[in-house]
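Trainee: Could you walk me through this one? I have not looked at it before, so please go slowly.
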Amino acid sequence: MNRPNARPRTTGALRAPRAQAARTSAPEHREAPESGRAKLSHGDRVLFARSGLTKADVFAYYREVAPLLVPILTDRPISVQQWPAGIEAPGFFRHELSGTPAWVPTLRVRHVDKTLRHVNVNGEEPLLWLANQSALTLHMWLSHAPKLSQPDFLVMDLDPGEGGWSDVVTTALALRELLEDQGLESYPKTSGKRGLHVLIPLGPGHTYAKVQAHANQLAHALEARLGDLATTTRSISARKGRLYLDAGQNARGKTVVAPYSLRAREAAPFSAPLKWSEVTRRLDPARFNLRTLKKRLDAVGDLFAPALKHSQKLPD
């Protein structure tokens with residue numbers, strides 16, 4: 001997230017990756033055969049010019065992270081950001097990818113004015129097919145089929161202002177305290193850029209209206225406590241350098257960058273799940289990148305896996 005206020009088009013030059021609010025219909029499942037169809041092409045194409053990382057490096061990254069990422073994305077509509085000519089050229093934000101082969105599974109989703117087919121990353125092959133399309137960044141819905149109207153996460157996006165990472169940490173720890181007072185466990189992750197996402201896993205039965213209302217309450221409670229450094233004001237100029245408490249992604253059809261997704265910045269940082277004990281001013285989010293993934297996983301394993309099994313109910 002960490003983006004300006006403009007809404008994206010379904011295709012076209014990349015601006016701000018925000019999915020339109022959507023109404024959904026029943027998903028359509030097409031199983032991908034177990035074959036080597038997701039092949040790499042033009043692997044030597046440089047996508048990150050200054051660090052020299054190529055499409056082959058991106059392909060290898062997503063192959064390595066597939067066992068962790070596929071369980072998160074299975075049956076969950078995604079939108080993607082593609083940089084076919086590298087991150088220094090214009091990129092594209094897309095809900096539906098043109099030329100999707102028949103073997104790639106999709107979810108048929110009714111948006112406000114059209115029905116689109118979102119790639120369903122229900123296995124390694126569709127993930128690697130996306131990598132071969134230079135889809136560096138994957139944005140996921142907060143709900144998954146067959147209950148697309150019931151979010152299984154609430155997300156708070158802490159978008160830093162002039163106070164940088166220090167303000168992010170102060171705000172994140174205050175948010176964790178609020179959530180613990182409500183009996184809720186939460187899972188932080190770097191945004192892959194400058195900010196932090198805090199995800200609260202939810203059990204079945206929540207509506208988007210309920211989740212959005214609760215997210216708004218959390219944001220306003222934080223603003224009341226930390227008004228000198230954090231704000232719910234959307235206008236960048238009116239924030240006056242303060243951190244933005246973004247609760248707005250908790251609506252149907254909105255998205256959050258998926259855990260372990262790469263970002264289009266030099267050195268290819270990824271959105272890294274964290275332990276709460278790591279959320280300190282000493283942490284440098286840039287240390288989590290394509291080249292350090294293996295070291296990170298060897299050290300801490302899959303920190304996000306428990307969130308997929310953690311069923312919680314928001315308080316009334």
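Mentor: The lining of the largest pocket is made up of eight nonpolar, five polar and three charged residues, where Ala, Val, Leu, Ile, Met, Phe, Trp, Tyr, Cys and Pro count as nonpolar, Asp, Glu, Lys and Arg as charged, and the others, Gly among them, as polar. This is a predicted model, in which local features need pLDDT of at least 70, side-chain atom pairs count only at pLDDT 80 or more, and totals for chains, interfaces and linings use all residues. Residues are numbered from 1 along each chain as its sequence is written, and side-chain values use heavy atoms, with hydrogens and water left out.

Trainee: How confident is the predictor, in terms of mean pLDDT?

Mentor: The mean pLDDT of the protein is 90, and 89% of its residues reach 70 or more, pLDDT being the predictor's confidence in each residue, from 0 to 100. Over residues 1–33, however, pLDDT stays under 50.

Trainee: What secondary structure does the protein have?

Mentor: It has six helices and 13 strands, counted as DSSP runs (helices are H or I with at least four residues, strands are E with at least two) and numbered from the N terminus.

Trainee: Which residues is Thr170 in contact with?

Mentor: Leaving aside neighbours within four places in sequence, Thr170 is in contact with Leu226, Leu229 and Arg281, a contact being heavy atoms within 4.5 Å. Thr170 and Leu229 are 59 residues apart in sequence, yet their C-alpha atoms are 9.2 Å apart in space.

Trainee: Changing topic, where is Ala247 found?

Mentor: Ala247 is in the loop between strand 12 (243–246) and strand 13 (256–257), and Ala247 is buried, with a relative accessible area of 6%.

Trainee: What does Ala247 touch, then?

Mentor: Not counting residues up to four places away in sequence, Ala247 touches Met156, Gln212, Ala215, Asn216 and Ala219.

Definitions and conventions. Buried means under 20% relative accessible area, exposed over 50%, partly exposed in between (1.4 Å probe, protein chains only).
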